[in-house]
Amino acid sequence: MEKITEKAGHPVPESDGRDNRLSGPGALTGIAVGVGTGAAVALLHRAGVRPPGRLGGPATGALAMVLTDTPIAGLGISDPRAWSPADWTADALPHLAYGLVTYGLISAAHRHR
């Protein structure tokens with residue numbers, strides 16, 4: 001968030017609570033990506049795009065990962081091309097878990113309609 005506020009010409013000044021003002025919007029963008037990805041996948045599922053869970057779950061996680069990592073790279077915050085295998089694992093596993101749970105819930109909701 002610090003990089004974004006600086007690029008926007010409105011850096012967050014040094015003061016008490018600065019860390020909170022910087023971390024809050026970052027957390028909110030993560031929530032927005034999660035909710036937006038889930039909503040998009042649910043709409044696709046409703047439209048008939050229903051791969052089996054072993055494909056739909058990882059694809060959902062991969063979509064969330066791309067939507068998270070692309071701005072990080074685009075803003076120059078981090079360069080995924082320079083990440084170590086441990087860095088990729090630390091990024092991929094939570095996104096995979098998110099995708100499996102999200103797609104599983106979407107599929108279950110559809111079956112119980």
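Entry 1, I31. I looked up the exposure of I31 and got a relative accessibility of 51%, so I31 counts as exposed. The classes I used are buried for under 20% relative accessible area, exposed for over 50%, and partly exposed in between, with a 1.4 Å probe and protein chains only. I31 is found in helix α2, residues 18–46. Helices here are DSSP runs of H or I with at least four residues, strands are runs of E with at least two, and both are numbered from the N terminus. I then found that L28, I31 and V35 make a nonpolar surface patch of about 310 Å². A patch takes residues with over 30% relative accessible area and no salt bridge; like charges are joined within 9 Å, and nonpolar side chains (Val, Leu, Ile, Met, Phe, Trp, Tyr) within 5 Å. The areas come from the Shrake-Rupley method with a 1.4 Å probe, and for residues only the protein chains shown count as cover.

The model is predicted: local features need pLDDT of at least 70 and side-chain atom pairs count only at pLDDT 80 or more, while totals for chains, interfaces and linings use all residues. Residues are numbered from 1 along each chain as its sequence is written, and side-chain values use heavy atoms, with hydrogens and water left out. I noted a mean pLDDT (the predictor's confidence in each residue, from 0 to 100) of 91 for the protein chain, with 100% of its residues at 70 or more.

I counted 29 residues in α2 and a reach of 43 Å from its first C-alpha to its last, close to the 42 Å expected at 1.5 Å a residue. The expected span is 1.5 Å times one less than the number of residues. Which residues of α2 are buried? They are R18, L22, T37, G38, V41 and H45. These pack against α1, α3 (53–74) and α4, contact meaning heavy atoms within 4.5 Å. G36, also in α2, is partly exposed at 34%. Its C-alpha lies 8.8 Å from that of A64, 28 residues apart along the chain. Just after α2, G48 takes a positive phi of about 110°.

T60 is found in helix α3 and is buried, with a relative accessible area of 3%. Leaving out residues up to four places away in sequence, I listed T37, V41, Y98, G99, T102 and Y103 as touching T60. Helix α4 has 27 residues and reaches 38 Å, close to the 39 Å expected. Its buried residues are D91, H95, G99, T102, Y103, I106 and S107, and what covers them includes α2 and α3.

I searched for a side-chain nitrogen of Lys or Arg within 4 Å of a carboxyl oxygen of Asp or Glu. The structure holds 2 such bridges. E14 pairs with R18, the closest N and O atoms being 3.7 Å apart. E14 is exposed at 69%, whereas R18 is buried at 10%. D79 pairs with R81, with 3.0 Å between the closest N and O atoms. D79 is partly exposed at 32%, and R81 is exposed at 76%.
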